[in-house]
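Hi everyone, thanks for making time. I'd like to walk you through one model today, so let me put it on the screen.

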Amino acid sequence: MMAKAIHMKKYVTNLSIFYSIIPIARQFFSTSSAVSALESETGPVHKRFGSFIGVIQDKDLLKKAPNGELLVLYLIDNGAMDPDATLYNQLLKKCTEWKRLKEGKVVHEHFLRSRFRHYVVPNNTLINMYAKYESMDDARKVFDEMPERDMVSWTALITGYSQNEGAEEALVLFCEMLRIGFMPNQFTFGSVLKASGALDSGRTGRQLHGSCVKFGYEENVYVGTALVDMYARCGLMDEAKIVFDKLSCKNEVSWNALIAGHARKSEGEIAVKLFSEMKRGGFQPTHFTFSSVYAACASIGALEPGKWVHVHMIKSGLELIAFIGNTLLDMYAKSGSIDDARKVFDRLVKKDVVSWNSMLTAYAQHGLGKETVECFEEMRRIGPEPNEVTFLCALTACSHAGLLDKGMHYFELMKKFKIEPNISHYVTIVDLLGRSGQLDRADKFINEMPIQPNAAVWKALLGACRMHKNLELGVYAAERVFELDPYDSGPHILLSNIYASAGRRSDAAKVRKMMNESGVKKEPACSWVEIENAVHMFVANDDAHPQREEIHNMWEKITDKIKEIGYVPDTSHVLWFTDQQEREERLQYHSERLALAFALLNSPPGSPIRIKKNIRVCGDCHTAFKFASKVVNREIILRDTNRFHHFRNGSCSCGDYW
């Protein structure tokens with residue numbers, strides 16, 4: 001009788017809780033008919049509680065109770081619902097899907113208090129949830145505390161490390177998994193291959209490739225694509241192509257991996273060729289495909305192929321979203337077409353901080369200081385908050401345009417945005433002061449820097465000393481560079497030029513001798529020009545080109561014409577101990593001049609000429625190009641290592657300030 005009374009008391013208590021919960025359930029769940037069915041049930045109460053889960057739809061799993069708790073957990077805690085492992089798993093999946101890490105942790109705590117805490121499947125979901133939100137310490141803790149693990153447990157943690165810059169941990173875990181006796185699946189291999197690619201470890205990648213073959217996954221499209229990507233990230237493009245060719249079933253991701261690998265190696269021609277093959281094979285390029293090809297074209301300044309790919313993107317109907325728009329903008333800018341770069345920027349669906357920085361960089365590279373400042377101010381008014389890259393772009397533009405006051409203002413403005421200047425910002429300020437002729441102020445700025453100046457800082461000062469012919473300070477700056485970076489040929493050449501300009505040719509010769517004794521080699525100068533999708537490269541005094549006679553004759557005609565309107569060769573740029581006439585002759589066949597003559601012979605009249613050079617353009621060639629642009633009545637766009645020069649009607653966009 002006593003036992004029956006206790007049972008009845010418990011029944012009444014649970015029943016009262018249950019009926020108090022129903023109005024709350026009605027408030028939050030749309031399936032009120034199911035709740036009504038519960039109210040009319042005559043079966044055992046615990047059965048009613050167990051059937052309550054039937055009224056909860058997937059979209060209602062994360063709804064809150066009046067006290068702010070998750071309603072499902074509230075129902076469980078109040079005895080109105082029987083929990084099970086599937087329910088916890090569904091809750092954790094929903095937290096992952098809806099990016100609710102805070103609620104996920106609450107479910108995790110509740111799960112740990114349940115009798116299901118050792119179940120494998122919910123724990124695997126927990127590992128995946130924490131990995132998705134870069135909480136790898138929490139993911140590892142869940143994994144380590146699991147009394148039993150399956151293949152999914154290992155793969156989930158390996159994948160988490162691989163995707164969250166934990167490549168070494170992923171590979172160690174993979175080896176441990178193999179030692180225990182687990183058989184990797186395609187997803188395990190996909191993750192460890194990604195980790196190997198991130199470490200740029202070709203040796204490890206080849207060992208993993210062997211494991212893929214051993215377990216029969218080499219021709220699996222998922223694993224095969226991961227192998228292609230791994231080899232490509234390690235720069236082993238021959239191996240990547242072999243794996244790619246062996247894939248019996250390719251997809252867009254396979255093509256993207258191979259194209260992206262060539263893009264990273266600045267192999268634009270190959271990337272464009274693969275893009276064509278991909279299209280012919282019936283595969284549809286994705287945003288990632290186009291972004292990779294644009295990056296490849298940008299790296300070599302290939303405007304025409306880039307335009308051709310852009311046309312295909314327009315035809316495909318893909319939206320110009322930020323990340324692909326940013327690479328397209330960069331492609332046009334680095335190919336010398338700043339107007340097209342601006343058009344892309346204006347048409348972006350949504351501009352992020354990278355978009356603004358890309359446009360600012362483009363203006364700065366093209367020497368358009370005024371436009372850079374206007375764009376920077378526009379960004380401050382309507383765009384995202386500037387970051388350290390934004391300020392670096394603005395400072396660089398001010399340096400190249402001689403905007404001293406504006407540049408110093410922006411440097412001080414960084415404090416307002418709580419951005420700590422890094423070494424690149426300090427280099428740019430030294431360059432800004434040096435170009436403006438304030439060499440003593442630049443030297444003082446270096447000595448007062450809160451961080452140790454590196455070689456780049458002293459190189460900036462050395463370059464300014466070369467520009468303004470300050471021998472004493474130039475020698476001092478060069479000595480500092482030699483201490484910090486003794487094998488860079490650039491500073492040696494600059495110092496040699498400073499001595500030569502001052503008439504101290506014996507000292508210039510000593511610098512050259514020091515270079516030879518130290519094994520420091522000057523990078524050979526070369527220039528190239530693209531005509532009808534073919535790239536033509538030239539070196540100084542080039543006599544290997546099939547059109548060499550026509551090229552030399554063309555430049556001689558140009559030289560005669562520009563001399564008539566005021567061009568006088570500046571032989572200080574030739575450091576050879578020869579007479580005046582021979583030094584003038586050496587000047588006339590620099591690589592950029594040969595490229596210009598070739599372009600004039602082989603391009604339509606009136607069209608812009610785009611030339612690239614691997615080192616800084618020399619002062620005399622810069623002067624000659626200004627006169628040539630007037631004589632031939634064409635725009636000449638020259639890209640060297642520092643910037644773009646737009647020569648029009650006898651002047652340059654840099655204002656002779658580069």
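A word on the ground rules. This is a predicted model, with residues numbered from 1 along each chain as its sequence is written. Local features need pLDDT of at least 70, side-chain atom pairs count only at pLDDT 80 or more, totals for chains, interfaces and linings use all residues, and side-chain values use heavy atoms, with hydrogens and water left out.

Let's begin with the whole chain. Its secondary structure comes to 34 helices and six strands; these are DSSP runs, numbered from the N terminus, where a helix is H or I with at least four residues and a strand is E with at least two. Of the 658 residues, 51% count as buried. Here buried means under 20% relative accessible area, exposed means over 50%, and partly exposed is in between, using a 1.4 Å probe and protein chains only. As for contacts, meaning heavy atoms within 4.5 Å, residues 24 or more positions apart account for 63% of those with a separation of 6 or more.

Now the second largest pocket. Grid points are joined across faces, edges and corners, and the volume is the space filled by probe spheres set on the points. What volume does the second largest pocket have? It comes to about 870 Å³. The lining has 34 residues, and Gln163, Gly190, Lys194, Tyr222 and Val253 lie nearest the centre. Two or more lining residues come from each of helix H7 (120-132), helix H9 (151-163), helix H11 (186-198), helix H13 (221-233), helix H15 (252-264) and helix H17 (287-300).

Next, two residues to look at side by side. Lys105 sits in helix H6, residues 101-112, and is partly exposed at 34% relative accessible area. Beyond its neighbours within four places in sequence, Lys105 is in contact with Met129, Tyr130 and Asp138. Between Lys105 and Leu126 there are 9.1 Å from C-alpha to C-alpha, at 21 residues apart in sequence.

Is His425 buried or exposed? With a relative accessible area of 1%, His425 is buried. You'll find His425 in helix H25, residues 423-435. Not counting residues up to four places away in sequence, His425 touches Glu388, Phe391, Leu392, Leu395, Phe411 and Met414.

On to charges. Side chains of opposite charge can pair when their charged atoms come close. The cut-off for a salt bridge is a side-chain nitrogen of Lys or Arg within 4 Å of a carboxyl oxygen of Asp or Glu, and the structure holds 23 of them. One of them joins the side chains of Lys459 and Asp488 at 2.5 Å, N to O. Lys459 lies in helix H27 (residues 455-468) and Asp488 in the loop between helix H28 (471-484) and helix H29 (489-501), so this pair ties together parts that are 29 residues apart in sequence. Lys459 is partly exposed at 26%, and Asp488 is partly exposed at 23%.

Another salt bridge has Glu479 and Arg480 with their closest N and O atoms 4.0 Å apart. Glu479 is partly exposed at 39%, whereas Arg480 counts as buried at 17%. For Asp507 and Arg504 the closest N and O atoms are 2.7 Å apart; here Asp507 is buried at 17% and Arg504 partly exposed at 37%. Salt bridges that share partners also join Arg342, Asp346 and Glu378 into one network.

Now the sheet. Six strands form an open sheet with mixed pairing, in the order E2-E1-E3-E4-E5-E6; two strands pair if DSSP finds at least two bridges between them. Strand E2 (534-539) and strand E6 (651-652) are the edges, each pairing on one side only. Strands E4 (residues 636-639) and E5 (residues 644-648) run antiparallel and are joined by four bridges. Leu638 has His645, in E5, as its bridge partner.

Last, the cysteines. Cys652 is buried at 10% relative accessible area, and Cys297 is buried at 0%.

That's my tour, and I'm happy to take questions.

Notes
On a 1 Å grid over the protein atoms alone, a cavity is a set of points where a 1.4 Å probe fits but cannot get out, and a pocket is an open set with protein on both sides within 12 Å along at least five of seven lines; lining residues have an atom within 4 Å of a point.
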